[in-house]
Each structure stands twice: as structure tokens, then as C-alpha cells.
Amino acid sequence: MPPDVVARYALEWRVVTMGHSYTVLKRGMVYVDGNRIVAVRPTGAAAPARFEGAPVMWTRATIYPGLIDLPVIP
């Protein structure tokens, strides 16, 4: 992929946030822009700007944003 093209997608399933409280979202979304996490929100909440129509991948696994580099398999 050329450097000026950035892939945007979302990962969905159980999300353990890495904040001070380690909140667990039974169903959450991790929004990724290229190699950066843009947002973590509960499933059903509004998507961040520019993520309308971005592909959503169900991981069927617990996601620890920023802790584990999960492979994305389309």
C-alpha cells in the first residue's frame, strides 16, 4: 500500500480498556487508522469521523487495545 493511503477499519468483540479502571466492554469497537488506535467505544456508539462505511472485523476474541498486536484476517 502506498504511504499516502491509510487503511481504516474497526475490530469488534469483547474489549478490555487499558485505562486506570480496566473497564471491560462486553461488546466494543476498536477503531484503527493505519497503525494507530483512534478510538475505543461500545458497540452501537457513533463511529469517529471518517470511519463511516469502514469495514468491521469480528475478532471473536478479547481485544486489549495497545497491548497485543492482533493479526487482521479479512
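**Close-up views of a predicted model**

View 1. Residues are numbered from 1 along each chain as its sequence is written, and side-chain values use heavy atoms, with hydrogens and water left out. Strands are DSSP runs of E, at least two residues, numbered from the N terminus; two strands pair if DSSP finds at least two bridges between them. Antiparallel β2 and β3 (residues 36–42) are joined by 6 bridges. Their hairpin has 2 residues between the strands, and G34 in the turn has a positive phi of about 70°.

**View 2. Strand β1 (residues 8–16) runs antiparallel to β2, with 8 bridges.** R8 is opposite D33 in β2.

**View 3. The whole structure holds 2 aromatic pairs.** Rings of Phe, Tyr and Trp (its six-membered ring) pair with centres within 6.5 Å; planes under 30 degrees apart are stacked, over 60 edge-to-face, the rest tilted. The W13 and W58 rings, with centres 5.6 Å apart and planes at 55°, form a tilted pair. W13 in β1 and W58 in β4 (residues 56–58) are 45 residues apart. The Y31 and F51 rings, with centres 5.3 Å apart and planes at 75°, are edge-to-face.

Technical notes
This is a predicted model: local features need pLDDT of at least 70, side-chain atom pairs count only at pLDDT 80 or more; totals for chains, interfaces and linings use all residues. Helices (H or I, at least four residues) and strands (E, at least two) are DSSP runs, numbered from the N terminus.
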